[in-house]
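Please consult the sequence and the model alongside the numbered points.

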Amino acid sequence: LLGAAGQNKQHFITKNTAKLDRETEELHHDRVPLEVGKVIQQGRQSKGLTQKDLATVSRAPGLLA
């Protein structure tokens, strides 16, 4: 029984791979203009924050006000 389960799993993976290969929709995130990144960088630097600090602080609501 264990050998058969392994074979079924391999077949399932192959079917998923084939389905993904047939997928034609392009999935991507829209990019923001360079100016937006510059504004974020300037604001972060004016508060003396590193990128890591900003990422940590942005997870806590109300701390960036």
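Leaving aside neighbours within four places in sequence, with which residues is R44 in contact?

1. R44 is in contact with L49, T50, Q51 and L54, where contact means heavy atoms within 4.5 Å. The model is predicted: local features need pLDDT of at least 70, side-chain atom pairs count only at pLDDT 80 or more, and totals for chains, interfaces and linings use all residues. Residues are numbered from 1 along each chain as its sequence is written, and side-chain values use heavy atoms, with hydrogens and water left out.

2. R44 belongs to helix α2, residues 34-46. Helices here are DSSP runs (H or I, at least four residues), numbered from the N terminus. The 13 residues of α2 reach 18 Å from first C-alpha to last, close to the 18 Å expected at 1.5 Å a residue; the expected span is 1.5 Å times one less than the number of residues. Just after α2, G48 has a positive phi of about 70°.

3. V32 lies in the loop between α1 (2-22) and α2. V32 is exposed, at 59% relative accessible area, the cut-off being over 50%.

4. For the protein overall, there are 3 helices and 0 strands. Of its 65 residues, 3% count as buried.

Note on methods. Helices (H or I, at least four residues) and strands (E, at least two) are DSSP runs, numbered from the N terminus. Buried means under 20% relative accessible area, exposed over 50%, partly exposed in between (1.4 Å probe, protein chains only).
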